[in-house]
Amino acid sequence: MATKEDAMGENLEKMGENLARVEELSQRLIAALSARNPANPSLSGPSQDLFAKAASSYWSEMLENPGRLYEKQVEYWGKSVRHFMEAQQHLLQGQVSVATAVEAEDEDDPFKGDKRFANPMWHANPYFRYIKQQYALNAAAIEEAVQQVDDLDPTEKRRLDYFAHQIIDMMSPTNFLGTNPDALEKAVETEGESLVQGLENLVADLEANK
């Protein structure tokens, strides 16, 4: 008669096999990327000149008005520390209920209604809640910095704003396995099979389309 320990051992063995397949697929991924056709330059982001000009404009403004820089830095630091302290407190208390976490966060949650953060763990789990809060804070800081750049013509300002938001979206914690509860739950549920399938699809696309 199979025991719970037997089942757990089989799950771990299956997970190990799938992780080995991920390592093999990673080698194919590297080979596919090295053989890919050059990207269309017209699809690339702006050159470093635009970002350098934007940074120069931003820092010139801040040097003329250093009080605003200090005020924003202190505000950023304060919120970061507060988020960390809240996460520590929740870890000591144990995972809070989803209803309690949602109620406490709804008022100032910039991702309310965002399907990327629909998993209840973004509210109830201290680790994921902290990650989401800090991502929101970092995104807001970048958006505000872009808005404060004044010495660009309207076209360059729109390009800077567009690509800044592309970077913000790219860095979303939902795009990374270690900070995506949906992906982690799926990986555990399927003994790593979901990771293998996702990587196989990516490698196959790259190999077929270069």
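The accessible surface of the chain comes to about 14,000 Å². Carbon and sulfur atoms hold 57% of that surface. These areas come from the Shrake-Rupley method with a 1.4 Å probe, and for residues only the protein chains shown count as cover. The model is predicted, so local features need pLDDT of at least 70 and side-chain atom pairs count only at pLDDT 80 or more, while totals for chains, interfaces and linings use all residues. Residues are numbered from 1 along each chain as its sequence is written, and side-chain values use heavy atoms, with hydrogens and water left out.

The secondary structure of the chain comprises 9 helices and 0 strands. Helices (H or I, at least four residues) and strands (E, at least two) are DSSP runs, numbered from the N terminus. The order from the N terminus is α-α-α-α-α-α-α-α-α. Of the 210 residues of the chain, 28% are buried. Buried stands for under 20% relative accessible area, exposed for over 50%, and partly exposed for values in between (1.4 Å probe, protein chains only). Among contacts in the chain with a separation of 6 or more, 71% join residues 24 or more positions apart. A contact requires heavy atoms within 4.5 Å.

The second largest pocket holds about 260 Å³ of space. Its lining has 12 residues, and the closest to the pocket centre are F51, A54, A145, V146 and L160. A pocket is an open set of points on a 1 Å grid over the protein atoms alone, where a 1.4 Å probe fits, with protein on both sides within 12 Å along at least five of seven lines; lining residues have an atom within 4 Å of a point. Grid points are joined across faces, edges and corners, and the volume is the space filled by probe spheres set on the points. Helices α2 (48–64), α6 (126–147) and α7 (154–170) each supply at least two lining residues. The largest share, 5 residues, comes from α2. The lining divides into 12 nonpolar residues, no polar and no charged. Here Ala, Val, Leu, Ile, Met, Phe, Trp, Tyr, Cys and Pro count as nonpolar, Asp, Glu, Lys and Arg as charged, and the others, Gly among them, as polar.

R158 is placed in helix α7. R158 is exposed, at 53% relative accessibility. The C-alpha atoms of R158 and V146 are 9.8 Å apart, across 12 residues of sequence.

F128 belongs to helix α6. F128 is buried, with a relative accessible area of 6%. Beyond neighbours within four places in sequence, F128 contacts M121, W122, G178, T179, N180, P181 and L184. F117 lies 11 residues from F128 along the chain, with 9.8 Å between their C-alpha atoms.

T174 sits in the loop between α7 and α8. T174 is also buried, at 14% relative accessible area. With neighbours within four places set aside, T174 contacts R116, F117, W122, T179 and N180. The side chains of T174 and S172 form a polar contact of 2.7 Å. A polar contact is a pair of N or O atoms within 3.5 Å; within protein, one must be able to donate a hydrogen and the other to accept it, and residues adjacent in sequence count only if both atoms are side-chain atoms.

N180 caps the N-terminal end of helix α8 (residues 181–189). A side-chain oxygen of N180 lies 3.0 Å from the backbone nitrogen of D182. Phi of E191 is near 55°, a positive value in a residue other than glycine.
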